[in-house]
There are 4 protein chains.
Amino acid sequence: MNIFLNDYNDLCHEKVYKKLATVKEKGNPGYGSDEYTERAKELIKRDLKRDDVQIEFLAGGTIANIIGISANLMAYEGIIAVESGHIVGHEAGSIEATGHKVELIYSEDGKLSGELLEKRMEDFGEEYHIVPKLVYISQTTELGTVYSYDELREIYDVCLKYGLYLYIDGARMAVGLAASDVKVEDLCDLCDIFTLGGTKNGALYGEALVIVEDELKENLRHFMKQRGAVMAKGFILGAQFEALFEDGLYYELGKRAYENSLKLSRAVEETGVSFYKKPESNQIFIVYPKSKIDELFKDNAFEVMPYDEENRVLRFVTNYRTTEEEIEGLKASLINLK
Amino acid sequence: MNIFLNDYNDLCHEKVYKKLATVKEKGNPGYGSDEYTERAKELIKRDLKRDDVQIEFLAGGTIANIIGISANLMAYEGIIAVESGHIVGHEAGSIEATGHKVELIYSEDGKLSGELLEKRMEDFGEEYHIVPKLVYISQTTELGTVYSYDELREIYDVCLKYGLYLYIDGARMAVGLAASDVKVEDLCDLCDIFTLGGTKNGALYGEALVIVEDELKENLRHFMKQRGAVMAKGFILGAQFEALFEDGLYYELGKRAYENSLKLSRAVEETGVSFYKKPESNQIFIVYPKSKIDELFKDNAFEVMPYDEENRVLRFVTNYRTTEEEIEGLKASLINLK
Amino acid sequence: MNIFLNDYNDLCHEKVYKKLATVKEKGNPGYGSDEYTERAKELIKRDLKRDDVQIEFLAGGTIANIIGISANLMAYEGIIAVESGHIVGHEAGSIEATGHKVELIYSEDGKLSGELLEKRMEDFGEEYHIVPKLVYISQTTELGTVYSYDELREIYDVCLKYGLYLYIDGARMAVGLAASDVKVEDLCDLCDIFTLGGTKNGALYGEALVIVEDELKENLRHFMKQRGAVMAKGFILGAQFEALFEDGLYYELGKRAYENSLKLSRAVEETGVSFYKKPESNQIFIVYPKSKIDELFKDNAFEVMPYDEENRVLRFVTNYRTTEEEIEGLKASLINLK
Amino acid sequence: MNIFLNDYNDLCHEKVYKKLATVKEKGNPGYGSDEYTERAKELIKRDLKRDDVQIEFLAGGTIANIIGISANLMAYEGIIAVESGHIVGHEAGSIEATGHKVELIYSEDGKLSGELLEKRMEDFGEEYHIVPKLVYISQTTELGTVYSYDELREIYDVCLKYGLYLYIDGARMAVGLAASDVKVEDLCDLCDIFTLGGTKNGALYGEALVIVEDELKENLRHFMKQRGAVMAKGFILGAQFEALFEDGLYYELGKRAYENSLKLSRAVEETGVSFYKKPESNQIFIVYPKSKIDELFKDNAFEVMPYDEENRVLRFVTNYRTTEEEIEGLKASLINLK
């Protein structure tokens with residue numbers, strides 16, 4: 001079976017698994033006040049070249065988004081996101097459940113731009129509008145596209161102009177770093193708060209939430225506790241992120257996932273199949289005849305999304321475990337089914 | 001160091017750790033639709049002797065409470081709990097954050113009773129009251145006390161009379177089963193929904209939420225997703241609970257924690273120190289002079305709570321890893337400091 | 001000044017004002033348990049030819065929408081509305097503030113259709129989606145268009161098919177009844193819950209919320225109380241609705257507003273100005289050069305909305321107080337400014 | 001019938017009713033941007049001797065409390081109130097429905113004190129606690145007691161020390177001003193935000209919310225809109241408050257209600273009946289045999305509350321319309337039933 005189902009279908013990277021075995025047998029303090037968490041935070045700060053950020057480790061992507069997005073919003077403040085944003089259609093109304101409206105922007109390629117944002121801001125200002133306060137984007141995006149340094153800069157400049165926080169959902173940030181000219185140490189200059197996703201990049205579970213803007217730091221731990229986002233055995237999160245950041249494993253796994261995606265998109269291109277969106281990261285989308293999907297499923301694992309009467313969009317995801325054999329296998333399947 | 005800090009200060013039981021290594025290298029389906037989760041659910045159903053319950057695995061106790069308590073409540077419905085209930089003062093307003101009021105009952109020993117509940121129900125009924133809909137209790141309680149079968153029966157009968165759901169927070173259910181005459185297969189007859197806590201009983205993290213009442217099942221997964229309570233790598237939760245339930249490890253660890261607590265309470269009693277509440281499970285509370293606490297901390301780990309000007313309440317918790325040496329060590333400290 | 005600002009710029013109809021003077025000098029029971037409210041409810045039930053509906057009087061349109069829409073929703077349930085729906089962009093996120101997501105449908109003329117709804121329902125069903133539960137429409141719509149009996153029937157049939165509640169925002173229902181083939185006694189067959197707006201049709205303030213579906217009735221009063229929607233002096237609301245419904249005043253005022261709008265649209269048409277949307281009720285929208293608006297404001301009161309670089313959309317609203325002189329006056333202004 | 005039911009059982013004071021007739025026949029701007037509202041605000045500012053406060057008019061007490069209390073709270077912040085506070089047991093969980101926890105303090109006479117507040121603050125500070133942010137008190141209290149200047153000063157000083165906002169629910173502020181040494185111009189020095197209730201003091205409906213603290217002003221109108229608290233015909237609220245404040249009617253009615261309560265409490269005292277709480281304002285509570293209540297109801301209107309097996313607490317409320325005859329009538333009934 002050639003597995004392109006998603007980037008979170010294995011236990012974890014073996015270095016992460018082994019690191020767990022080194023956790024003290026007993027007496028670890030709870031709720032993240034332990035030495036592993038402390039070291040993991042220091043390692044990430046070192047890489048970010050910033051000592052003044054706050055870092056919290058959370059169990060998963062949805063809860064990380066809830067915490068990072070809604071912690072500091074007044075009841076009448078809202079969020080701006082592109083229509084394909086993960087929080088818009090894939091989290092069962094998680095943001096609205098915190099009481100905040102998500103105002104949408106349509107974007108062909110799943111990316112926001114400074115211009116789109118600037119234009120959308122014209123729609124607000126009356127007392128019967130919400131007050132926009134936070135902009136949500138994802139790196140890499142839900143359509144597999146990737147922001148460059150300049151694109152993020154442009155968006156953030158508009159945010160600064162209007163007093164908007166910029167939140168970057170980095171569930172796939174490791175690949176985003178491999179696939180763009182954005183360096184990890186640039187991130188703190190390009191937004192107010194972001195995540196470094198672990199679940200899709202070698203951890204058993206866990207996202208690091210990095211808070212740059214001071215206003216967003218105060219009392220965040222209370223909010224995390226309230227939403228069930230503080231893990232009792234926080235030291236397990238800490239140990240995982242220590243393993244991911246002590247020797248650059250985090251970046252290496254992202255790079256491998258990205259390189260595998262380059263190979264995959266080349267292989268797919270050679271079969272003549274049409275891409276749905278230009279492949280830029282480890283999510284590759286193609287348009288494919290509905291009638292052939294069952295056959296393709298025989299040897300390949302992937303996800304299917306709606307498109308039109310005749311066709312579907314298929315998503316193939318690589319990660320650091322993707323092999324040459326899998327890529328060649330999928331290619332062969334696509335050719336055989338032509 | 002004699003560690004009585006809490007029951008979640010180790011990584012996990014070694015059988016749980018080893019079980020993880022058996023998870024398939026790749027291709028595990030996400031969000032709990034995997035074979036480990038499936039097997040873990042079947043094992044728990046086997047023990048409960050009930051095929052018709054719904055089981056969900058959640059990352060921690062607070063999120064399990066949020067999901068189990070508020071999933072099926074209308075906006076104007078509320079919860080009844082004793083004042084010492086975990087959700088009242090230890091989760092930063094997690095239930096109120098879902099929009100629901102928690103109505104309080106004062107109880108000397110931290111236990112609700114049918115009589116207390118019946119009496120409290122007289123306070124509602126006007127349109128300016130919330131409509132009570134769910135009763136929250138904990139087994140074992142936050143004060144270390146334990147409900148018997150008859151006590152639960154009595155409470156649940158009042159719940160049934162008034163159309164109230166009964167939710168049992170089982171963060172320490174494994175000890176509760178060891179410390180009471182309640183058998184695991186009784187639980188489905190004694191309430192509508194409950195948890196079997198893993199975090200405090202051998203897991204890395206995780207609580208099993210068992211939904212007995214049909215009304216509480218529908219669309220629960222949507223609600224979990226919305227609150228960030230669905231783990232992408234759900235198979236890791238599944239594998240842990242498989243390890244805990246395939247050979248009765250869950251019950252064995254609870255029993256060991258309880259037996260250790262019996263030894264501890266006997267040892268403490270012999271020192272002449274006064275208990276704050278009669279010890280009934282693995283949380284032992286004593287009243288202790290403030291002035292001697294620093295000295296006691298030198299060799300012993302425990303938690304401190306307010307009491308009066310001169311004294312504090314100290315909490316000592318045993319778990320399955322507690323040793324004779326630790327118990328004797330604490331006893332010696334208490335005697336030395338007299 | 002020719003006043004086309006909106007339909008709520010006068011105190012109230014004189015019969016309503018006079019009715020207030022007949023309220024008992026003292027001893028009126030509070031919270032709507034009075035004789036005026038009782039009689040007003042009976043009058044409306046008489047007109048609806050339904051004895052089994054529940055009727056509640058609320059202070060205004062936004063609070064009526066909050067109560068009518070979110071009373072009976074589970075946390076994970078959501079609302080479907082057209083993009084131009086009042087609750088989408090004109091109530092500062094009032095529905096999201098109750099925790100529920102509003103899923104949008106684009107509609108050129110501001111009207112939903114059975115077909116549009118049926119198609120939109122295909123987008124749901126996964127656990128990462130909200131569960132659609134209530135459909136919101138307005139009669140008349142925010143763009144001045146009007147649903148026919150058959151159109152409402154078609155929408156409601158799709159709602160029944162999918163187990164969706166249909167809510168009709170009737171802030172302008174009196175005009176809707178005058179402008180369509182829908183009779184007031186049809187309404188209970190065409191939806192589950194709706195409002196009969198008073199604020200825009202002769203009352204000082206107040207909307208009647210009519211609940212047809214039994215599931216939506218239970219405990220609604222608790223929810224109203226919770227959201228600050230129960231008026232202490234409910235008898236004042238009751239007296240107003242008694243005045244509006246005892247002699248058909250409600251329908252008469254709606255008819256006059258509609259007839260005035262027909263005259264207005266004819267007058268506007270004769271000036272050659274282009275309509276933004278085909279005029280069907282008492283809100284008339286035209287596309288007008290930005291440069292001439294200041295001049296037009298000299299003698300005329302109206303609202304201005306964005307359109308393009310050169311032009312704006314202007315809204316002219318008639319009500320039962322609109323005079324021939326005002327209509328002729330606006331026509332003259334439009335001709336003079338050509 | 002001697003009416004002591006409550007202080008909101010008449011239409012309104014005749015000066016208020018007449019003022020409405022002076023509202024312009026048409027063309028009044030909506031949502032409080034009208035001349036009546038403007039003048040009413042200026043009149044209140046004049047009386048408060050403060051130009052820098054923000055004033056908003058709201059339809060009723062519950063919605064005023066929701067707006068005034070929760071407008072500026074972060075999700076993890078909570079409220080402190082005495083157990084008998086109106087928001088605790090009489091608004092169906094209105095504050096919790098905004099997501100915020102209300103932490104309770106027990107007080108024998110329904111009044112908070114600086115000492116009680118200071119002591120309660122010791123209970124917070126851990127990340128598993130809410131962060132207390134606003135203190136709620138009522139003048140007069142729900143038990144009919146009244147704060148003096150010094151008592152309010154003491155409470156507010158503790159609030160300032162801990163960075164807590166102080167909110168005074170002034171549903172009965174007019175009586176509070178008559179019954180205490182607090183002058184209306186003192187109020188802005190004694191709290192951050194308060195209401196001047198109109199519903200219980202001569203208006204058809206309406207409370208003035210006065211915001212002193214700048215932090216609480218920003219974007220409040222958006223929040224009001226979101227919660228359905230902005231009246232379309234705001235000019236009707238404005239006109240009522242103009243009537244109440246242009247000639248001191250507001251204070252005069254409060255004074256009359258208070259004087260009537262003094263007469264009533266003297267009359268009741270003379271009958272030998274026991275008071276439940278020492279009468280200090282226009283709510284008089286007595287303990288009365290259950291068996292005689294039906295007889296007492298024949299000629300008198302009042303409210304009944306629980307007490308013990310044999311007795312109930314009865315509440316008698318005076319307002320500006322209470323007559324000597326009613327007071328003598330009630331006295332006679334109490335004597336006859338001895």
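**Ground rules.** I am working on a predicted model, where local features need pLDDT of at least 70, side-chain atom pairs count only at pLDDT 80 or more, and totals for chains, interfaces and linings use all residues. Residues are numbered from 1 along each chain as its sequence is written, chains are lettered from A and ligands numbered from 1 in the order in which they are written, and side-chain values use heavy atoms, with hydrogens and water left out.

**Chains B and A.** I looked up the contact (heavy atoms within 4.5 Å), and it takes 46 residues from chain B and 46 residues from chain A. About 3,800 Å² is buried between chain B and chain A, with carbon and sulfur atoms giving 60%. In chain B, the residues that lose the most area to chain A are B:Tyr17, B:Lys26 and B:Lys233, together 18% of what that side buries. Buried area here is the accessible area (1.4 Å probe) that two parts lose on being put together, summed over both. I also noted that 100% of the interface residues of chain B are interface residues in chain A too, so the copies meet through the same surface.

**Chains D and C.** Next I laid chain D on chain C: a turn of 180° and a shift of 0.0 Å along the axis, RMSD 0.0 Å. The same surface serves both copies, as 100% of the contact residues of chain D recur in chain C. I find 46 residues of chain D in contact with 46 residues of chain C. D:Tyr17, D:Lys26 and D:Lys233 supply 17% of the area that chain D buries against chain C, more than any other three residues.

**Helix H10 of chain D.** Helices (H or I, at least four residues) and strands (E, at least two) are DSSP runs, numbered from the N terminus. I checked the length of H10(D), residues 234–246: at 1.5 Å a residue its 13 residues should span 18 Å, and the end C-alpha atoms are 18 Å apart, which agrees. The expected span is 1.5 Å times one less than the number of residues. Twelve of the 13 residues are buried, meaning under 20% relative accessible area (1.4 Å probe, protein chains only). Among the buried ones are D:Phe235, D:Phe241 and D:Phe245. Their packing partners in chain D include helix H1 (14–21), strand E7 (193–197) and helix H11 (249–270). Just after H10(D), D:Gly248 takes a positive phi of about 75°.

**A sheet in chain D.** I traced an open sheet of four strands, order E9-E10-E13-E12, with antiparallel pairing. The edge strands are E9 (274–275) and E12 (303–306), each pairing on one side only. Pairing needs at least two DSSP bridges, and two join E9(D) to E10 (residues 283–289). D:Phe275 stands opposite D:Ile286 in E10(D).

**One loop residue.** Is C:Thr140 buried or exposed? At 5% relative accessibility, C:Thr140 counts as buried. C:Thr140 sits in the loop between strand E5 (131–138) and helix H6 (149–162) of chain C. Not counting residues up to four places away in sequence, C:Thr140 touches residues including C:Arg172, C:Ser281 and C:Gln283.

Note on methods
Buried < 20%, exposed > 50% of the residue type's maximum accessible area, 1.4 Å probe, protein only. Least-squares fit on C-alpha atoms with pLDDT ≥ 70 in both.
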